[in-house]
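Subject: Structure handover

Hello,

Here is the structure we discussed, with notes on what was found in it. Please look it over when you have time.

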Amino acid sequence: MKTVGLLDCNNFYVSCERVFDPSLEGRPVAVLSNNDGSCISRSNEFKALNLPKRIPYYMLKEYADRLGIAFRSSNYTLYGDMSARVMKILEDMTHLIEQYSIDESFFHLNHAADFDCFEFGKTVRTRVLKWTGIPCGIGFARTKTLAKIANHIGKHTPEGIFVMPDDPLPILDQLPLTEVWGVSWRLGTRLEKLGIRTAGDLARSDSCFIRKHFNVILAQTVTELQGTPAFAYDDFNGPVKRIAFSRSFNLPTGSEQVIRESLLHYTAIAAEKLRKLHQSASCIYIYADYAAEYRQETLPSGYCGHLVAFPRPLSDHLSMIDIFEPEIRRIIVPGRRAMKTGVILLGLENECDQTPDLFCEEDKKPAALTAAMDEINRKFGRDSVFLMGEGIRREWSMRQEFLSKHFTTDWQQILTVK
């Protein structure tokens, strides 16, 4: 028999912070978005305060002490490493996994008829909690869409696990449409006009009718709710097709130097990841988002980008920067303030698949230098060595007033047990 499972970590960003700071247990905790903007991950205690989702930090900061709320800035380095640890445990215990997001993964089981999915789920959940400290919920069903629903139900049970029965209709009849994977409130409103008010109603619908009046994806969702797999395996863990890195500035800026420094810094970070994957990029896309201006005349927010091709696939940021730095002026709009910049590496190729250029002698010095920089940064921590062009103080960096340490990726910040 084949069964699809879904593991979803509970309040993942908050859970990661609590692993290394036990004082956060039992308290309302919120992890903030870029520039400490709004609450993007909330503990159950925070949710019990009945505050709106994604409520801005500035609306809460004067009440934080009275409500006992603890805030943390987004620590993506920590969250990415903890996610990798959870997924490695799951991969070692299951047949095949599809990591759907940083805290969520489908897994596929081929098992005998007497296999106990519930007991297996308990084993997985216990091991993840013991080895990483991250609580999670697990759902089992015959299809991905039903596994999503089973996971949602499982998170609200003491065991954190739910196995969808062979006949899911009694459960689906109690479920609102918007709890179905891929059904937004806007789409739900359209379906309700046709008399489809619950997930059970959608499961009883004719997939051909749904496809004709809506789209193929919703028709496949109907098929999945009926217990027949319709969504094929997606290799989310397959070869990377692009690498992007972007951040917002702490304040909008019109400084050409700041825009230049940020693009060089982001390229260095993206290229480092590229080298870890043993890939090279054929081109780079640089861009800037501009803020709306309300002065003598209103100027709407805008976006300006430029694509730069490399003469051959590259993995070292030194060569990349030499090529695209003269083109940065193309995305600078005089008199406007940029809110955010970013880079996207495109046309990725595996190093083993590349064909040498017979008409151009490759300069190996930049690659050797970046390899040495990678080794130093790996040994002594990120930014131990970097290009002067990336900026030294980087006062334009994101506002992260409540940033926790990089407990798992920086030797200087590793947790000390006394």
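The sulfur of C16 lies 7.5 Å from that of C9, its closest cysteine sulfur, which is too far for a bond. For C136 the closest cysteine sulfur is also in C9, at 5.8 Å, again too far. The structure therefore holds zero disulfides, a disulfide being a pair of cysteine sulfur atoms within 2.5 Å. C16 is buried at 0% relative accessibility, and C136 is buried at 1%. (Buried means under 20% relative accessible area, exposed over 50%, and partly exposed in between, with a 1.4 Å probe and protein chains only.)

This is a predicted model, in which local features need pLDDT of at least 70 and side-chain atom pairs count only at pLDDT 80 or more, while totals for chains, interfaces and linings use all residues. Residues are numbered from 1 along each chain as its sequence is written, and side-chain values use heavy atoms, with hydrogens and water left out.

Salt bridges come next. The count is 18, where a salt bridge is a side-chain nitrogen of Lys or Arg within 4 Å of a carboxyl oxygen of Asp or Glu.

- K155 and D8 form one, with the closest N and O atoms 2.9 Å apart. The two residues are 147 apart in the chain, K155 in the loop between α6 and β8 (161–163) and D8 in strand β1. (Helices, H or I with at least four residues, and strands, E with at least two, are DSSP runs numbered from the N terminus.) K155 is partly exposed at 31%, whereas D8 is buried at 13%.
- E293 and R337 form another, at 3.2 Å from N to O. E293 is in strand β11 and R337 in the loop between α13 and β14, so the pair ties together parts 44 residues apart in sequence.
- E375 and R378 meet at 2.8 Å, N to O. Both are in helix α14, three residues apart, and so separated by about one helical turn.
- E256, R260 and E325 are linked in a network of salt bridges.

The volume is the space filled by probe spheres set on the points.) Strand β3 gives the largest share of the lining, four residues.

Regards
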